Amino acid sequence: MNHWITAVLLQISGFYLPGLAPVSFCEEDKKTGDCQSEIQLFVNRLDSVESVLPYEYDVFDFCQDAEEKRPSENLGQVLFGERIETSPYKFTFRKDESCQKVCTKSYDTTKLEDKANLEFLKRGMQLNYQHHWIVDNMPVTWCYDVEDNQKYCNPGFPIGCLVTTEGRPKDACVINSEFNKKNTFYVFNHVDITITYHSGEHENWNGARLVSARLEPKSVKHSSENSQTCQGPPMEIPGEFSSNLNVTYSYSVTFESTDLIKWASRWDYILVSMPHTNIQWFSIMNSLVIVLFLSGMVAMIMLRTLHKDIARYNQVDQEDAQEESGWKQVHGDVFRPPQKGMLLSVFLGQGTQIFIMTFITLFLACLGFLSPANRGALMTCAVVLWVLLGTPAGYVSARLYKSFGGEKWKTSVFLTALLCPGIVFADFFLMNLILWVEGSSAAIPFGTLVAVLGLWFGISVPLTFVGAYFGFKKPVIEHPVRTNQIPRQIPEQSFFTKPVPGIIMGGILPFGCIFIQLFFILNSIWSHQMYYMFGFLFLVFIILVITCSEATILLCYFHLCAEDYHWWWRSFLTSGFTAVYLFVYAIHYFFSKLQIQGAASTILYFGYTMIMVLIFFLFTGTIGFFACFWFVHKIYSVVKVD
């Protein structure tokens, strides 16, 4: 669906999404102002599923471009640690080349720098670090067969592989039986690149357009530097560095024409190769069953039980009502302000900001504006929206704090603007220090950190104050019933209506709706898989909102029936507890699905996970609170109280 919308948008004459305008290519003797012949291959940062630390291309001592240029990167790319630069791999359109030398890297055993460079390269092969190359804003893919004769196209390829001291080939070493020497590294120093293009015949544009770029990595020991045949034994790097070593890097490129693939759908072959769609539909059906079950329960309570309750409460005399039990009995206490009301109002203000940000970001992603082709757009959009949505946060926080009878309004506004963003920034800053110490490309430059702080204090904080000003100017929220001066005693509660069991139970159903989707999101973050199914994600988002609301309303009703009127914090924590299950799942995912090694990577994984958990806690807690707030207002507004 998303791709269809993107394709339609791209077909509209003269309109292209930002960063997605097509480039036309011609042969060298036919090039014009709007049709170029040189194809520049860009390189991005290298990453690994066994390490959270990405590194820039230059760190690994590969061949570098003599005139290195870096295209301007948006905020999202910088925050995600993308570092795109030009490479020495340059091709001419429709000019096939065979076994072209790029450069030779020499390693001398007597030089410490050479020794360190080679050790770093070997460490990269051991941890299965992957190249990410880009041609015409499109990933250069390595396609290979997986189980059930399916073809998987990986938007990255390994720098090499290792055969262990026991003779066991690791990772990509399984592809070639010649990779069999114990305690030996095999570097992929040659690539066979195939670039496919749409000729543009019978179309209304000049020249051809590239529709795919595939490669096959090979390990080749070149017989001499100048007479390469790109055939022969693999390029071995022994585990023990004892003699001088030369590694020659080379490439071959061929061009193929096809008019079957349109430029607008050129990413499809990568996305189709990811076998997730069936599981996604199973996830949606699973979530819908939970929603139908909850909706049935809520409908039964609303239509039958509540209707009977209201009819009974409105008919009986006041004397009989004294002997009644149930939710009407706590009408004089149900709107009694909660303890720590300021903190609750701060959380709800931040939660509202996160909710609106998430909704708009996912909606734009569904329309195709934040597709994988538009690099960094998703993160940029989320950050900019969060900054601009300070006003709703301040407004909601101020209105609720005023209705709780709070008077320290300055403290309330400061906490709304600074508390949760401050926790996130402090965590992010600590993670950034670790990345900086490790020399990773994901370390945010100091200038970008200052820019983020500028956005926060220069735009978000003032907007929060503006929202709070309007919130405090508004009259206090009127409740349908008056609050008694003396608090009512809460009767002895059964195990299931006590606060903690209710809160723990409340998070189970919302988590059940999202855990399959959560697996794919964690895969895209930590296993570097492409995430593009925003349509599914938006549907799951809607289902999560409904489930959080209904689960909280159900439990709120049961507690009120048990004459426990402390619902303010409980409604927030009931659905907010989903974040605790998310954290438990992230721990399970870390130990069962990832092969992350090293203390730094482990700290980074859990550091970033804590940011996700806090944001999700505020997001789900806010949904539950406002659903319960509406429900309590509704039921007490239709019952007669003397």
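Residues are numbered from 1 along each chain as its sequence is written. In this predicted model local features need pLDDT of at least 70 and side-chain atom pairs count only at pLDDT 80 or more, while totals for chains, interfaces and linings use all residues; side-chain values use heavy atoms, with hydrogens and water left out.

Counting a disulfide as a pair of cysteine sulfur atoms within 2.5 Å, the total is five. With the bonded cysteines numbered in sequence order, they pair as 1-2, 3-5, 4-10, 6-7, 8-9. Cys561 takes part in no disulfide, and the nearest cysteine sulfur, that of Cys556, is 9.5 Å away. Cys561 is partly exposed, at 28% relative accessibility; the classes used here are buried for under 20% relative accessible area, exposed for over 50% and partly exposed in between, with a 1.4 Å probe and protein chains only.

One of the disulfides joins Cys63 and Cys103, with 1.9 Å between the sulfur atoms. The torsion about its S-S bond is -80°, a left-handed link. Cys63 sits in the loop between strand 3 (51–55) and helix 2 (75–79) and Cys103 in strand 5 (residues 97–107), so this pair ties together parts that are 40 residues apart in sequence. Helices (H or I, at least four residues) and strands (E, at least two) are DSSP runs numbered from the N terminus. Cys63 is buried at 2% relative accessible area, and Cys103 is buried at 16%.

Strand 5 also holds Cys99, which is tied to Cys230 in the loop between strand 15 (209–218) and strand 16, so parts that are 131 residues apart in sequence are linked. The S to S distance of Cys99 and Cys230 is 1.7 Å, and both residues are buried.

In the link of Cys161 and Cys173 the sulfur atoms are 2.0 Å apart. A torsion of about 85° about the S-S bond makes the disulfide of Cys161 and Cys173 right-handed. Cys161 belongs to strand 12 and Cys173 to the loop between strand 12 and strand 13.

Strand 12 (residues 160–163) pairs with strand 13 in the antiparallel sense over four bridges; two strands pair if DSSP finds at least two bridges between them. Val163 stands opposite Thr184 in strand 13. Strand 13 is also joined to strand 16 (residues 236–238) by three bridges, again antiparallel, and here Thr184 stands opposite Pro238. In a regular strand the side chains alternate between the two faces of the sheet. Both faces of strand 13 (residues 184–187) are covered, with Thr184 and Tyr186 buried on one side and Phe185 and Val187 buried on the other.

An open antiparallel sheet has four strands in the order 4-1-7-8. Its edge strands, strand 4 (85–92) and strand 8 (138–139), each pair on one side only. Strand 7 (residues 133–135) meets strand 8 over two bridges, and Ile134 stands opposite Pro139.

Helix 13 (residues 508–526) has a kink of about 45° centred on Phe515, the bend being the angle between axes fitted to the seven residues ending at a residue and the seven starting there. Buried residues of helix 13 include Phe511, Ile514, Leu518 and Trp526. Just after helix 13, His528 has a positive phi of about 60°.
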